[in-house]
Amino acid sequence: KTTNPTNQTDEEFGIGRAIREVISRTASQNPLLLIIEDVHWSDEASLATINLLANSIRDLPILILITYRDTDVSRTHALASILPSLTRAPNATRIPIVGLESDDIGTMLTELAGDSAEEIQANDIATRTGGNPFFIREIAAALENSKDNDSADTTIPEGIREAIGRR
């Protein structure tokens, strides 16, 4: 029997336990990969369920991959309160993802924008995007569409404006 270590309602805790049981049964029959993306958008009940899963499924062939944007998690964010517990979970490994380096950005721009990217300074794009592949791809698409080789004059592509606006 698992006790309710969080402030979840009995119904939320019951749902979390039910999810854990289904995942446990499935993993006991076949190895299981569970991918939970964008956890920084999760509500507290979902985070408590993720924490329960990570810390209670030990001897089963299961890999839980959890992704989140660390830039979106302040110290007061609900995810910040369970990160230490997730990090201490059995066999947990935290892998920070960093932006691409200038050489990789240059390669990516050339592959995506072709001749339009020849004169672009990868260092400038690295500074402007933080090495974020999504932003680099959007800038490459804008370059390819406009055939504009001057990165200093490139306006912020619509895809980037939309992504920032959703935050």
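Modeller: The discussion below moves from the overall fold to helix packing, the pocket and some individual residues.

Modeller: This is a predicted model, in which local features need pLDDT of at least 70, side-chain atom pairs count only at pLDDT 80 or more, and totals for chains, interfaces and linings use all residues. Residues are numbered from 1 along each chain as its sequence is written, and side-chain values use heavy atoms, with hydrogens and water left out.

Colleague: How many helices and strands does the protein chain have, and in what order do the elements run?

Modeller: Helices (H or I, at least four residues) and strands (E, at least two) are DSSP runs, numbered from the N terminus. The protein chain has 7 helices and 2 strands. Their order from the N terminus is α-β-α-β-α-α-α-α-α.

Colleague: What share of the residues in the protein chain is buried?

Modeller: Buried means under 20% relative accessible area, exposed over 50%, and partly exposed in between (1.4 Å probe, protein chains only). Of the 167 residues in the protein chain, 32% are buried.

Colleague: At what angle do helix 2 and helix 3 pack?

Modeller: Axes are lines fitted to C-alpha atoms, for helices over the stretch in contact, and angles run from 0 to 180 degrees between N-to-C directions. Angles under 35 degrees count as roughly parallel, over 145 as roughly antiparallel, 65 to 115 as roughly perpendicular and the rest as oblique. Helix 2 and helix 3 pack at about 5°, with their axes 10 Å apart, which means that helix 2 is roughly parallel to helix 3. On the helix 2 side, Glu-44, Leu-47, Ile-50, Asn-51, Ala-54 and Asn-55 meet Ala-78, Leu-79, Ile-82, Ser-85 and Leu-86 of helix 3. This contact of helix 2 with helix 3 has 7 nonpolar, 3 polar and 1 charged residues. Here Ala, Val, Leu, Ile, Met, Phe, Trp, Tyr, Cys and Pro count as nonpolar, Asp, Glu, Lys and Arg as charged, and the others, Gly among them, as polar.

Colleague: Which residues of helix 3 are buried?

Modeller: An α-helix has 3.6 residues a turn, so residues three or four places apart point the same way. In helix 3 the buried residues are Leu-79, Ile-82, Leu-83, Ser-85 and Leu-86, and they pack against helix 2 (44-56) and strand 2. Ser-85 counts as buried because its relative accessibility is 18%. Leaving aside residues up to four places away in sequence, Ser-85 touches Asn-51 and Asn-55.

Colleague: How does the packing of helix 4 and helix 5 read?

Modeller: Helix 4 (residues 102-113) and helix 5 (residues 122-129) pack at about 105°, their axes 8 Å apart. Helix 4 is therefore roughly perpendicular to helix 5. Ser-102, Ile-105, Gly-106 and Leu-109 in helix 4 meet Ala-122, Asn-123, Ile-125 and Ala-126 in helix 5. The contact of helix 4 with helix 5 has 5 nonpolar, 3 polar and no charged residues.

Colleague: What is the volume of the largest pocket, and which residues are closest to its centre?

Modeller: On a 1 Å grid over the protein atoms alone, a cavity is a set of points where a 1.4 Å probe fits but cannot get out, and a pocket is an open set with protein on both sides within 12 Å along at least five of seven lines; lining residues have an atom within 4 Å of a point. Grid points are joined across faces, edges and corners, and a volume is the space filled by probe spheres set on the points. The largest pocket has a volume of about 1600 Å³. Its lining has 44 residues, of which Ile-66, Thr-67, Tyr-68, Ile-95 and Ile-97 are closest to the centre. Strand 2 gives the largest share of that lining, 5 residues. By class, the lining of the largest pocket has 26 nonpolar, 10 polar and 8 charged residues.

Colleague: What is the phi of Asp-38 and of Asn-91?

Modeller: Most residues other than glycine have a negative phi. Asp-38, in the loop between strand 1 (32-36) and helix 2, has a positive phi of about 55°. Asn-91, in the loop between helix 3 and helix 4, has a positive phi near 60°. Asp-38 is partly exposed, with a relative accessible area of 30%, whereas Asn-91 counts as exposed at 74% relative accessibility.

Note on methods. Contact = heavy atoms within 4.5 Å.
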